Amino acid sequence: MQVALPGPGQPHVVLRADGETSPRAVPPETVLAVAPDSILTLLKAHGALLLRGFGADVESLSAFAGQFCSGTVFNESPDRQLLDAARNIQSVNGGCDAFPLHPELSREPWKPDLCFFACLQPPSALGATTICDGVALAAALPPPLRAAFAARRLAYVQPAPPAILAHWLGTPTPDAARMAAPPAGCPYRFAMVGGQPARIFTRPALHTPMFCDGPAWGNFLLFSRYYNNRAGFPVFDNGEPVPDAWLDVVRAIGDRLSVAIEWQRGDLLMLDNSRFMHGRTAVLPDDGRLIASQFGYLKDAPRNPEEPADPPWRRGNFVPPDPRSVTPISR
């Protein structure tokens, strides 16, 4: 196996199978032949790994991820193919749009630790996945802007339909006292917002990743503002929207630091979702591009002080209650 450590223009580690010389080369071994301890050491140090020439598919993706994860999470965003329901393996989002940088599921309190992507069918052109080191992005911010973000928290305010209320509070029609005292293990607080029940959680605008001191940029702001066109999700925890001028600077730096992964069949990309963000370039219509994804929680992960004790998503294959896309509440 050949190992190329990060360098200029390459923020990720590239592990290339011995004898792999072209996209059509027959892989001499699978991703399971790579020692898990070596993978984990590289991931902790660098945050992103591309394994090329190992012929990854749905089965090997699941087995590879299972070496590192205590559980997985279902992503309820629309337009994903379900490739393996038992193990929460889905395609990435369909469609042709380019996507801004984001950590996976950062709009929810169960943001996974790890992202795995396997290329089952590469695009004929375009359709690259972009990656960006959130630590590098935060370091590149103008110092006054970095300090301003470091002092703030973001509030994610979303509707709480009856199924979610029933799941977390034990009843689809909780009274005010019940909403004010969610049980241990619940990741939300609940309140009436705009005349309807809402679920709310907060996170630092800049955070500390699992395996380095940071700070890191890694939240839902860029995706929400520049793809969903929502200025009110998330907001600062005092209810104020994040200024456009601030995010324009973040976006420009993220674009400059982003690197495109030009997919080859059988590629496997592994990201520390607490450190690296991803996005994509535009996809050609009817191109056949098929990228499998699995999102999980690292075994023996460092305790995340933002999570409740013993969260249910770290105990198996987690499917969120009421797995339907809902429109966030703007404040």
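Start with the charged pairs: across the whole structure, a search turns up 14 salt bridges. Keep in mind as you click around that this is a predicted model.

Select arginine 314 and aspartate 113. Their closest N and O atoms sit 2.7 Å apart, making a salt bridge. This pair links distant parts of the chain, 201 residues apart: arginine 314 is in the loop between strand 19 (290-298) and strand 20 (317-318), and aspartate 113 is in the loop between strand 7 (99-102) and strand 8 (114-121). Both arginine 314 and aspartate 113 are buried.

Next, pick glutamate 240 and arginine 152, whose side chains form a salt bridge at 3.7 Å, N to O. Glutamate 240 is in the loop between strand 15 (235-236) and helix 8 (244-257), while arginine 152 is in the loop between helix 4 (143-150) and strand 10 (153-159), so the pair ties together parts 88 residues apart in sequence. Glutamate 240 is partly exposed, at 41% relative accessible area.

Now jump to arginine 203, in strand 12 (residues 196-204). Which residue forms a salt bridge with arginine 203? That's glutamate 306, with the closest N and O atoms 4.0 Å apart. Glutamate 306 belongs to the loop between strand 19 and strand 20, so this pair ties together parts that are 103 residues apart in sequence.

The largest nonpolar core has 55 residues, and Trp110, Phe117, Phe149, Phe190 and Trp217 touch the most other members. Show what surrounds tryptophan 110: its contacts include Val73, Leu105, Trp168, Tyr297 and Phe318. Apart from that core lies another, of 28 residues, with Val13, Leu15, Phe64 and Leu120 among them.

Phe64 leads you to helix 2 (residues 58-66), where it is one of the buried residues, along with others including Val58, Leu61 and Ala65. At the N-terminal end of helix 2, find the cap: a side-chain oxygen of aspartate 57 lies 3.3 Å from the backbone nitrogen of glutamate 59.

Leucine 5 is in the loop between strand 1 (2-4) and strand 2 (13-16), and counts as partly exposed at 49% relative accessibility.

Notes:
Residues numbered from 1 in each chain as written. Predicted model: local features only at pLDDT ≥ 70, side-chain atom pairs only at ≥ 80, totals over all residues. Heavy atoms only, no water. Helix = DSSP H or I, 4+ residues; strand = E, 2+ residues; numbered from the N terminus. Buried < 20%, exposed > 50% of the residue type's maximum accessible area, 1.4 Å probe, protein only. Core = buried A, V, L, I, M, F, W, Y, C linked by side-chain atoms within 4.5 Å. Contact = heavy atoms within 4.5 Å. Polar contact = N/O pair within 3.5 Å; in protein donor to acceptor, adjacent residues only side chain to side chain. Lists of a residue's contacts leave out its neighbours within four places in sequence.
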